[in-house]
Amino acid sequence: MSFDKAQQKIALTLFVVGLVSATLLALVDKWTAGPIAEAQRQALHQSLLQVLPEHANDPLQDMFLFPMSKQESLKVFPAKDKKGDVVAYAWQQVAPDGYSGTIKVLMGVRVSGEVAAIRVVFHKETPGLGDGIVKNTAWLNSFIDKTLSNAKWLVKKDGGDFDQFTGATITPRAVVKAVHQGLIFYKNNQVDMLKRVYAEALNKDKEGDKP
Amino acid sequence: MPSNNDSLNKQEIFQDGFWFNNAIFAQLLGMCPLLGVTTTAENGFWMGLATLAVLLCSNLIVSLVRGFIPDEVRIPAYIVIIASLVTVVELAMNAWMHDMYLILGLFIPLIVVNCAILGRAEAFASKNNVVDSVVDALGMGLGFTFALLLLGGVRELLGQGELFGFDVFGASYPDVLLFILPPGAFIALGFILAGVNLVNMKLQAKKDAVIIVEKQAGSESV
């Protein structure tokens with residue numbers, strides 16, 4: 001089979017366009033990979049500062065993986081005081097039942113089991129309605145110091161302690177449920193979490209001893 | 001469409017892109033980002049600028065390579081060019097405008113299928129020189145940005161009583177939620193289009209009046 005000149009030109013054109021585009025994308029990807037990672041780190045760092053109580057360590061650096069199942073593990077960011085004792089943990093709790101998709105809540109929990117603070121780090125809720133979970137500081141603050149026993153973990157419409165917003169109940173309901181589940185998770189796993197932290201600290205010490 | 005090498009009047013190209021042939025107001029193209037992201041003026045503005053950046057680069061490149069690409073494969077070639085540019089914009093926003101990237105999210109990749117961009121590559125850049133194509137992209141892109149900004153502003157103002165996040169109507173303003181929701185986008189757009197048509201009607205009437213006066217002047221002198 002042979003191709004005439006016009007067909008060769010067509011093939012060559014598409015080849016060159018594809019090649020140039022792919023090269024450009026590879027270069028830009030390489031060039032932006034660092035800044036993107038840094039931007040994501042910064043965003044996480046900012047949120048961690050907001051949900052964790054005062055601490056002396058770098059929670060990002062001390063992050064450890066807490067096994068949830070055989071495949072999955074949860075990234076936990078511990079906050080430690082000057083003596084190196086854990087005062088709180090932060091992790092991302094996922095609410096799959098938002099009004100328009102998943103909501104990711106970063107929650108800080110004190111070792112004693114109270115909510116230190118929460119921030120919504122990802123959502124696709126309706127602007128002006130559901131996005132109160134990001135903007136409404138009073139509502140976010142209503143989570144502070146709540147424990148499993150001192151609050152009813154439902155929105156007021158459902159007979160609980162947390163406000164819903166005008167025109168949006170589903171969104172806050174999903175967040176309240178997620179934070180509640182986070183607290184239950186903490187209650188069931190707090191001993192293992194502490195073990196993890198000590199294990200990590202021991203590992204680090206060992207590494208530090210090496211020349 | 002004028003032929004290759006006559007340089008067109010730059011001001012006319014710009015005006016045409018920005019107003020008379022505006023992607024939104026006149027052609028009703030690019031409805032998806034228009035209705036999707038214009039819940040606030042700021043979102044609309046940045047979405048418009050992202051689109052402008054892609055349009056500028058795609059018109060520039062398509063105009064540069066217009067002599068080399070065979071007619072049969074021009075559409076796939078243009079789409080690959082546009083898709084690459086959109087990915088570059090997306091990566092750049094993710095790196096340097098992380099907050100806005102999180103808000104605009106899905107709508108950035110969707111710039112690829114904004115028919116206004118392929119439309120300009122096909123209808124203008126593939127037939128005109130580089131400078132004219134850049135002017136056309138600036139007119140079209142800024143016109144698109146203006147339309148998104150306007151609709152975003154109207155919806156934010158009516159829906160939340162704010163503009164660019166600043167409280168305008170005070171705390172007592174009862175937020176009209178409808179304007180934040182998708183139907184509000186259509187309703188607001190309808191009123192804006194009516195306003196644009198009114199302005200165009202007046203402009204046309206003025207033009208006609210000038211022509212009539214000139215004709216009269218002409219007939220009197222004869």
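Modeller: Buried area is the accessible area that two parts lose on being put together, summed over both. Please keep in mind that this model is predicted.

Colleague: Happy to. What is the area buried between chain A and chain B, then?

Modeller: About 2000 Å² is buried between chain A and chain B, and carbon and sulfur atoms give 80% of that area.

Colleague: How many residues does the contact take from each chain?

Modeller: Chain A brings 23 residues and chain B brings 24; each counts because it has heavy atoms within 4.5 Å of the other chain.

Colleague: What makes helix 1 of chain A and helix 4 of chain B roughly parallel?

Modeller: The axes of helix 1 (residues 5-51) of chain A and helix 4 (residues 74-96) of chain B come within 8 Å and cross at roughly 10°. Angles under 35 degrees count as roughly parallel, so helix 1 of chain A is roughly parallel to helix 4 of chain B. The residues of this helix contact divide into 18 nonpolar, six polar and one charged.

Colleague: Why is the pairing of A:R41 and A:E38 called a salt bridge?

Modeller: Their side chains meet at 3.7 Å, N to O. The cut-off is 4 Å between a side-chain nitrogen of Lys or Arg and a carboxyl oxygen of Asp or Glu, so the name applies. A:R41 and A:E38 are three residues apart in helix 1 of chain A, which means that about one helical turn separates them. Over all chains, the structure holds ten salt bridges.

Colleague: Lastly, how many helices and strands are there in chain B?

Modeller: Chain B has eight helices and two strands, and the pattern along its sequence reads α-α-α-α-α-α-α-β-β-α.

Terms used. Residues are numbered from 1 along each chain as its sequence is written. Chains are lettered from A and ligands numbered from 1 in the order in which they are written. This is a predicted model: local features need pLDDT of at least 70, side-chain atom pairs count only at pLDDT 80 or more; totals for chains, interfaces and linings use all residues. Side-chain values use heavy atoms; hydrogens and water are left out. Axes are lines fitted to C-alpha atoms, for helices over the stretch in contact, and angles run from 0 to 180 degrees between N-to-C directions. Helices (H or I, at least four residues) and strands (E, at least two) are DSSP runs, numbered from the N terminus. Angles under 35 degrees count as roughly parallel, over 145 as roughly antiparallel, 65 to 115 as roughly perpendicular and the rest as oblique. Ala, Val, Leu, Ile, Met, Phe, Trp, Tyr, Cys and Pro count as nonpolar, Asp, Glu, Lys and Arg as charged, and the others, Gly among them, as polar. Buried area is the accessible area (1.4 Å probe) that two parts lose on being put together, summed over both.
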